[in-house]
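I opened the notebook to go through one model from charges to backbone. My entries follow.

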Amino acid sequence: MNVNIGVSARHVHLSQKDLEVLFGKDYSLTEKVPLSQPGQYACNEQVVLKGPKGSIERVRILGPVRSETQVEISKTDSFALGIKPPVRNSGDLDGASEITIVGPKGEITVNAAIIATRHLHASKEDAIKYGFDGKEFVSLKIEGEKGGVLENVYVRISDKFSLEVHLDTDDANAFLIKNGDQGKIIIK
């Protein structure tokens, strides 16, 4: 099965409480552009990420707000920051690295930095069509000059999803992938 690929650069998801510390009381995120997943968007707002070794400026916030703050970075980013985040599914902050997030009105230090697991977003309809139960891993075959196979692509299922693989910038760069490229899902 062919599938579109989305390349996910470093970004931050914020809780309303943390958003207000960073940007001010009763602050609301403002949409810059919609993302490929329904209801998700890149915000105009950006923050600075700080670790023990360095910082990264102009990190985009993605909306809408979430119940918990989460920072998704690549392994390369982790070297620049001097932290050791675990590879986790979105929302799983068990063992997440401590990171400081700086906004225009304040800063927070939270255990929220992860390297996101490669994953396939699938709707419930897609899950039925392809026989996914949401607890499996598939592989992604990439064609091209630096083609190959990416293993351990976790299948995530929700009625809020549209069919698409999400890779971080390290994975995408290794295979010369850009947003909108296609790969082939290999079901094990």
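**Charges.** I counted 24 positive and 26 negative side chains in the protein. The centres of the two sets lie 2 Å apart. I took Lys and Arg as positive, Asp and Glu as negative, and left out His and the chain ends. Each charge was placed at NZ of Lys, CZ of Arg, CG of Asp or CD of Glu.

**Ground rules.** The model is predicted: local features need pLDDT of at least 70, side-chain atom pairs count only at pLDDT 80 or more, and totals for chains, interfaces and linings use all residues. Residues are numbered from 1 along each chain as its sequence is written, and side-chain values use heavy atoms, without hydrogens and water.

**Overall form.** I looked up the size next. Along the principal axes, the C-alpha atoms fill a box of roughly 45 × 35 × 30 Å.

I found four helices and 14 strands. These are DSSP runs numbered from the N terminus (helices H or I, at least four residues; strands E, at least two).

**Surface and contacts.** The accessible surface comes to about 9,800 Å², and 48% of it belongs to carbon and sulfur atoms. Areas come from the Shrake-Rupley method with a 1.4 Å probe; for residues, only the protein chains shown count as cover. Of the 188 residues, 45% count as buried. Buried means under 20% relative accessible area, exposed over 50%, partly exposed in between (1.4 Å probe, protein chains only).

Among contacts with a separation of 6 or more, 67% join residues 24 or more positions apart. Contact means heavy atoms within 4.5 Å.

**Helix α1.** Which residues of α1 are buried? In this helix (residues 16-23), I noted Asp 18, Leu 19, Leu 22 and Phe 23. They cover an arc of only 115° around the axis, so they sit on the same side of α1. The arc is that of the directions from the helix axis to the C-beta atoms. Their cover includes β4 (41-50), β5 (55-63), β8 (97-102) and β9 (107-116). Just after α1, Gly 24 takes a positive phi of about 115°.

**Arg 118.** I found Arg 118 in the loop between β9 and β10 (119-122). It is partly exposed, at 23% relative accessible area. Leaving aside neighbours within four places in sequence, its contacts include Leu 150, Tyr 154, His 166 and Asp 171. Phe 79 is 39 residues away in sequence and 19 Å away in space, C-alpha to C-alpha.

**Gly 144.** Gly 144 sits in the loop between β11 (137-142) and β12 (148-157). It is exposed, with a relative accessible area of 58%. Phe 175 is 31 residues away along the chain, with 8.2 Å between the C-alpha atoms.

**Backbone check.** Most residues other than glycine have a negative phi, and most peptide bonds are trans. I therefore logged the departures from that rule.

- Arg 58, in strand β5, has a positive phi near 55°. At 62% relative accessibility, Arg 58 is exposed.
- Leu 176 also has a positive phi, near 55°. Leu 176 lies in the loop between α4 (169-174) and β14 (182-186).
- The peptide bond from Gly 63 to Pro 64 is cis, with omega near 5°. Pro 64 is in the loop between β5 and β6 (70-72).
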